[in-house]
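Me: I'd like to go through this model with you, starting with the backbone and then moving to the strands. Can you take my questions one by one?

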Amino acid sequence: MSLTRRQFLSLAATSMAGSLGFNARADSEIKPNIPHRSIEMPLSPAETLMHTTVRLECALKDGRVSTGTGFFFSFKVDDNTHAPVIVTNKHVISNSKVGTFVLTKSNDKGEPVLGSTERVVLDDFESHWLKHPDKNVDLAVFPIAPLYHQAEAKGIKFFAPPIGEALLPSAAQLADLSGIDNITMIGYPNGIWDEKNNMPIVRRGITATNPKYDYNGLPIFVIDCACFPGSSGSPVLIFDQGGYLDAKGTLNLGGGRVILLGVLFAGPQHIAEGEIQTIEVPLVQVPISLSKIPNNLGFVVKSSKITDFRKMLIPNG
């Protein structure tokens with residue numbers, strides 16, 4: 001599926017003038033409470049969560065190719081309508097000339113058909129994204145309703161369950177965090193993915209700073225997790241099954257939590273110098289190999305900043 005900028009803006013205008021989205025079924029979003037697996041639910045919450053991300057490949061204006069992570073999110077317009085978007089970082093799509101991503105198709109029952117995909121190619125990729133107005137917030141969203149409308153006109157439906165606003169942490173949920181919590185990050189480190197099944201890579205870690213507070217006065221926090229290029233734009237979640245410890249150290253057995261804490265956007269690295277050649281002649285420059293080694297820390301934009309896009313997408317919402 002390929003769209004020119006003119007075609008995309010035409011479809012987007014139609015969507016904006018109408019419902020700003022698509023009529024999402026009530027069960028199309030990840031639920032904040034984790035139900036037991038049942039016959040009526042072919043995918044577990046974990047399996048469904050692994051379908052919420054999308055691998056973004058960008059052909060840059062300087063000729064290079066980069067990869068990053070995006071994830072499906074939806075803003076509620078009313079009880080029957082949502083405005084669906086892809087969320088990523090500004091720097092992921094910066095200076096991109098052509099963008100490519102792959103969507104998994106669904107069957108008549110709304111279930112994913114693994115291995116059956118649609119490749120989407122968009123020219124002038126960066127222009128299709130809405131960027132957060134704050135320079136300190138590395139977030140951008142892509143209104144995806146026009147692509148859904150175009151696909152449905154051809155009889156194609158996609159399995160792209162969005163993370164909904166219900167999974168954004170409330171004040172009570174943030175207060176209930178211990179400060180050292182297990183986190184789950186889903187994405188495409190170094191562009192690695194299960195290409196055949198269009199599935200991402202899942203990593204685990206812990207919060208390195210308390211998400212209740214703004215790290216160095218910015219709306220971010222830090223995680224202790226292996227973060228590599230390509231992971232930018234990954235959703236960072238609390239995904240507890242079977243029980244968890246709250247801020248008071250109370251063990252909540254049998255309960256589960258799914259909370260979208262934020263979006264990975266950067267990770268500190270240190271540089272290791274290694275000589276690749278030994279030259280004993282004085283005053284001659286020695287070639288040095290510089291290796292960038294990740295500190296296994298990641299900087300995460302708080303998910304509350306995603307809500308800033310609501311007014312941009314739904315002026316009266």
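Me: Let's begin with Asn 216: is it buried or exposed?
Reply: Bearing in mind that this is a predicted model, Asn 216 counts as exposed, because its relative accessibility is 66% and the cut-off for exposed is over 50%.

Me: And where is Asn 216 placed?
Reply: Asn 216 belongs to the loop between strand 11 and strand 12, the latter covering 220–224, and its phi is near 55°, which is a positive value in a residue other than glycine.

Me: OK, what about Asn 198, buried or exposed?
Reply: Asn 198 is buried, because its relative accessible area is 9% and buried means under 20%. Phi of Asn 198 is near 55°, again positive in a residue other than glycine, and the residue is found in the loop that lies between strand 10 (182–187) and strand 11 (201–207).

Me: Switching to the sheet, which strands make up the closed barrel?
Reply: The closed barrel has six strands in the order 10-11-12-19-16-13, and their pairing is antiparallel. On average, neighbouring strands of this sheet are turned by 45° against each other, with direction ignored.

Me: How many bridges join strand 16 and strand 19?
Reply: There are four bridges, and they pair strand 16 (residues 257–266) with strand 19 (residues 297–302) in the antiparallel sense.

Me: Which residue in strand 19 is the bridge partner of Val 263?
Reply: That partner is Val 301.

Note on methods:
Residues are numbered from 1 along each chain as its sequence is written. This is a predicted model: local features need pLDDT of at least 70, side-chain atom pairs count only at pLDDT 80 or more; totals for chains, interfaces and linings use all residues. Side-chain values use heavy atoms; hydrogens and water are left out. Helices (H or I, at least four residues) and strands (E, at least two) are DSSP runs, numbered from the N terminus. Buried means under 20% relative accessible area, exposed over 50%, partly exposed in between (1.4 Å probe, protein chains only). Two strands pair if DSSP finds at least two bridges between them. Axes are lines fitted to C-alpha atoms, for helices over the stretch in contact, and angles run from 0 to 180 degrees between N-to-C directions.
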